[in-house]
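Good morning, and thank you for the time.

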Amino acid sequence: MNPLTYFDYAATTPLYPQALEVMTQALAHFGNPSSRYAYGRQAAQAVKAHRETVARALGCTSGEVYFTSCGTEGNNWAIRKGVELGRRRGRHIITTAMEHAAVLETCRDLERQGYEVTYLTPDRAGRVSVDQLRRALRPDTALVSMMLVNNETGVVLPVADCVSAVKAFAPAILFHCDAVQGFLKLPDSPVSTGADLITVSGHKVGGPKGVGALYIKKGVRLAPLLTGGGQEEGLRSGTEATAQIAGFAAACAAMGSDTDRLVRTTAIKEYTLAQLKQAIPNLEVISPGDAPHICAVTLPGYPSEVVVRVLGDQGVCVSSGSACHRGKPSHVFAAMGLPKPWLSGALRLSFSPSSTREEAHRLVEALRQAIESVFPIMF
Ligand code: PLP
């Protein structure tokens, strides 16, 4: 068995050892935070402390952090209940054509319920502009949802400027930001954008799967998506996933304390891209990525599904776009208007601060060998 050479950190990340340790302890302490006796109260105390840790990482108060089961839940909650809050303004939503499926499919569902959605189209570099958003704003716009970092290109969207533009147009329009790929991956916290609602997810920051959080800015009266026992101040019912929450908080603390992680991640990404360009002349860069951890390249005409499989057989893990869209060409690259051969050959590479040059060399060599064994498609 080859050692695993992992360049798919945007799909998911390994658990920090610190997270695993506190999760094991939290699993052993099985008390329900809602129980009134001491064993339950201890669990509630632990959740309170973990909420404070996540709030510190976000740069907000703990009263603005609501634990969820994942980023997908956070996006559904923010958008579905956000539009209800804005119903008096109207039924118009603005988002971008390159959002994650958790946003796009939610918007499509709302369209079936009578909402109207404007999808801002990215340019060839994967960017949308503040002016594009300004032009789309209408008197009946209720909600804007815009991601912070695109999960396939690594492009950072101008969320802070867009929030300012939206609030200048009408302060009542809610602004939601899917910051799943931006949380702890950029110099500034997503909270500094000024967005009203912000989604983050545990398994993208060295925490476990099955936990995330929605930041709800103080004063925003979002209704719950899940109703029931009234946990999370009545806003997100369901017995708290104490172990996942513990692991998520430990991961936030561990990642946050690694102060030169962004510099190291950028350096290894740039090194890998340079090595790839040198070794494989027909490789093209779709996006070098503004965020340190993601970039997108293409081998025009070489079917990326096959290339990913051949690499995988050698223990080299990359993605042919979002891991959530297996088998279909990426809607992000399609929205950018890339030519067909570029679309079919697109690969996403994503990095961690601990990615090494040796791993980069293994990737380059495996990719060089792969394209010798894979036949390009003729267009
Ligand atoms: N939003 C973005 C930008 C993502 O990249 C992902 C996961 O890939 C999600 C949302 C969904 O997060 P989760 O897997 O926690 O549901």
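Predicted model: local features only at pLDDT ≥ 70, side-chain atom pairs only at ≥ 80, totals over all residues.

Let us begin with the ligand. Which residues are closest to the ligand? The shell around the ligand holds 13 residues, and the closest are Gly71, Thr72, Asp178, Ser201 and Lys204. By kind, this shell is made up of 8 polar, 3 nonpolar and 2 charged residues. Helix H3, which covers residues 71-85, contributes the most to the shell, namely 3 residues.

Threonine 72 places a polar side-chain atom 2.6 Å from an oxygen atom of the ligand. For glutamine 181, the distance from a polar side-chain atom to a ligand oxygen atom is 2.9 Å. Histidine 203 has a side-chain N or O atom 2.9 Å from an oxygen atom of the ligand. How much of the ligand does the protein bury? On its own, the ligand exposes 390 Å², and the protein buries 91% of that area.

My second topic is helix packing. Two packed helices are described by the distance between their axes and by the angle between those axes. Here the pair is helix H9, residues 304-313, and helix H12, residues 357-373. Their axes come within 9 Å and cross at roughly 125°. The crossing of H9 past H12 is right-handed.

Thank you for your attention.

How values were computed: Residues numbered from 1 in each chain as written. Heavy atoms only, no water. Near = heavy atom within 4 Å. Polar contact = N/O pair within 3.5 Å; in protein donor to acceptor, adjacent residues only side chain to side chain. Areas by Shrake-Rupley, 256 points an atom, 1.4 Å probe, with all protein chains shown as cover. Helix = DSSP H or I, 4+ residues; strand = E, 2+ residues; numbered from the N terminus. Nonpolar A, V, L, I, M, F, W, Y, C, P; charged D, E, K, R; others polar. Axes fitted to C-alpha atoms, helices over the stretch in contact; angles between N-to-C directions. Left-handed = near helix turned anticlockwise from the far one by under 90°.
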